[in-house]
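Me: Could you give me a close look at one part of this model, the salt bridges? I'd like to know where the partners sit and how exposed they are, in one connected answer.

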Amino acid sequence: MNIDVTDFGTLSTGETVKKFVLTNNNGIAVSLMNYGATMVGVSCPDRTGQFDDILLGFDTIEGYENNQYFGSTIGRFANRIHRGRFILDGNTYQLACNDGENHLHGGNIGFNMKMWGWEVHADNVQFLLTSEDKDELYPGCVNVSVTYKLTDNNEITMILKAEPTDTATIVNMTNHAFINLAGQKTESSILDHTLEINSNQYLPHVSGIPTGEIKTVDPRFDFTLGKKVGDDIDKVEGGYDHNYCLKDGQSFCARLYHDLSGRELEIHTSQHGVQFYSGNFLDTIGKNGNRYTKRTGLCLEPQNYPDNVNQPSFPSSILRPGEVYEHFITWKLSTR
């Protein structure tokens, strides 16, 4: 394992952002930065041995400042909270409503827009953050870490950890990478990617807020046996942006395959669900001057259920002092 540390650029605040490149003995490289504890790139081979970067992103730090969520760590609470409001231990908390009338991905300045501390170890890079009480109006101080590890088995593991120091709070973290297994060399949509999700249930929603029902997938939402992303997407209003309920006791989450390149990505996690987002609103200029338009990238974000703080039947995201939030997300890279 080789880890290189360089300067990536300077934020508009004047802070210098560090870039970390982990390279294994097979030549696979994972690029990270401490702004947002972000995964900047993943370079891996196709079936002919040609390497390319499978993550959407930007060549400069300015791109990441101007475009939220690309590859970044999401928190304190991933996904949406209805009207940004919840009750905890008898106290009502009102968060920012930065997605219409709802709270999204931690608010106006979520974990994705923070400068994280960092430590380089023999086989991993760890990012560290203290989210103070009232940070984005969340209750309680929380010490947070995200550890990225790359192995010679071509596995990228993210360990997301949080510990409250003084009072109960809510925590629901994930990584928000936009993926296109075709790489950067071809302007390709993700509609030809074959997706398998280890779930036969999903959460119907209205404007991103679950109705409370856990519903068995109908053919439009059924990825249990694997199918092309584009097969039924036009039958889903607006495209996919839905949370799937993963099967208890199984780490396998999803598998994504691109036939033309032969690249395959298998995802494992300890989380309860995975948000599948088909890049319905992409429109920006990214790496190598490529234009990322609607559905040129997709997200598979392991996480707890959206708005679970207002829906008692869902798995809880409440975290109390003395308790530890710790989940893993593992990407297994291969070719067919």
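Reply: Happy to! Strands here are DSSP runs of E with at least two residues, numbered from the N terminus. The model is predicted, so to speak of local features pLDDT must be at least 70, with 80 or more for side-chain atom pairs, while totals for chains, interfaces and linings use all residues. Numbering starts from 1 along each chain as its sequence is written, and side-chain values use heavy atoms, without hydrogens or water.

The whole structure contains 17 salt bridges (a Lys or Arg side-chain nitrogen within 4 Å of an Asp or Glu carboxyl oxygen). Let's begin with K18 and D7, whose closest N and O atoms are 2.6 Å apart. K18 belongs to strand β2 (residues 16-23) and D7 to strand β1 (residues 2-10), so this pair ties together parts eleven residues apart in sequence. For exposure, buried means under 20% relative accessible area, exposed over 50%, and partly exposed in between (1.4 Å probe, protein chains only). With 24%, K18 is partly exposed, whereas D7 is exposed at 51%.

K18 also has a neighbour worth a look: the C-alpha atoms of K18 and N34 are 6.0 Å apart, although 16 residues separate them in sequence. N34 sits in the loop between β3 (29-33) and β4 (38-45). Its relative accessibility is 3%, so N34 is buried.

Next comes R80 with D99, where the closest N and O atoms lie 2.8 Å apart. R80 is in strand β7 (residues 80-81), while D99 is in the loop between β9 (91-94) and β10 (103-104), so their bridge ties together parts that are 19 residues apart in sequence. R80 is buried, with 13% relative accessible area, and D99 is partly exposed at 26%. These two residues are also linked with D241 in a network of salt bridges.

Finally, R255 and E196 meet through their side chains at 2.6 Å, N to O. R255 lies in strand β24 (residues 252-257) and E196 in strand β17 (residues 194-197), so the pair ties together parts 59 residues apart in sequence. E196 is partly exposed, with a relative accessibility of 21%.

With a relative accessible area of 36%, V120 is partly exposed.

Key: Helix = DSSP H or I, 4+ residues; strand = E, 2+ residues; numbered from the N terminus.
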